[in-house]
Amino acid sequence: MRIVSLIFIVPLFFSSCLTMKKNLDAEQANNKKLQLQNQALMEELERLVLQKTDLEETKEDLLSKLGVLQDDTSALGEKYRGEKNKNDELNKLYDDLVNQNKKLLSSSSKEKQRLLAELENKKRELLETEQTLNEEKARIENLNNKLVAREQKVKELEELLAKKDAAVAELKKRIEDALLGFNKDELTVEVRDGKIYVSLAENLLFPSGSTTVNKKGKNALNQLADV
């Protein structure tokens, strides 16, 4: 049986349904990618925070060692002054102590300089780590802003598709309501790819052996035209 098909296209922007669906899928995939990047950045941020804590503990340990060296130097000075007034034997001991003290002071001075240099390096590393943390925080904040914007765009596309589907469904119902008086084998109404297809059977439009549209067929076409 030959079928005559009429296509009703939803007006204006609803006709671009397929394109918007592809755009929506692409936006959702990109959104998921950004979320994975955000998670990786958060893990890196946690690692840097732990590194900063370790550096701060090392700094405190170096300061403690420096204080011990300073206390040792003061104690040797006090011992030197106490032995100064003793006899010759003690004076010899005093000289030995002076020499030992000089060696210790020289050694302590070098160790102090080494510790101070190491402390400065740790301070510099802390500053660099803090700068890196701030940069990572800025990147994460920028990424979050992009995610919010994309989520808003996805939401708008979903709302647009919902409106389009509602419009198609409403038009389909209006057509079906207008053609309630006809049998299913005479005409059908269906939606494919955002378009409404109305198929009318040949025997509805034309009498057998005739090319002239009959009254019932004209009635069907007029009701479609009204919708």
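**View 1. Asp165 and its salt bridge with Lys164**. Asp165 is partly exposed, with a relative accessible area of 44% (buried is under 20%, exposed over 50%, partly exposed in between, with a 1.4 Å probe and protein chains only). The side chain of Asp165 meets that of Lys164 in a salt bridge, 3.1 Å from N to O (a side-chain nitrogen of Lys or Arg within 4 Å of a carboxyl oxygen of Asp or Glu). Lys164 is buried, at 5% relative accessibility. The model is predicted: local features need pLDDT of at least 70, side-chain atom pairs count only at pLDDT 80 or more, and totals for chains, interfaces and linings use all residues. Residues are numbered from 1 along each chain as its sequence is written, and side-chain values use heavy atoms, leaving out hydrogens and water.

**View 2. Arg139 and Glu136 in helix 2**. These residues lie three apart, about one turn of the helix (helices are DSSP runs of H or I, at least four residues, and strands are runs of E, at least two, numbered from the N terminus). Their side chains form a salt bridge of 3.3 Å, N to O. Arg139 is partly exposed at 47%, whereas Glu136 is buried at 10%.

**View 3. Lys65 and Asp61 in helix 1**. The helix spans residues 17-83, and the two residues are four apart. Lys65 is partly exposed at 45% relative accessibility, and Asp61 is partly exposed at 40%.

**View 4. A network of salt bridges**. Glu27, Arg150 and Lys153 are linked in this network. The structure holds 15 salt bridges.
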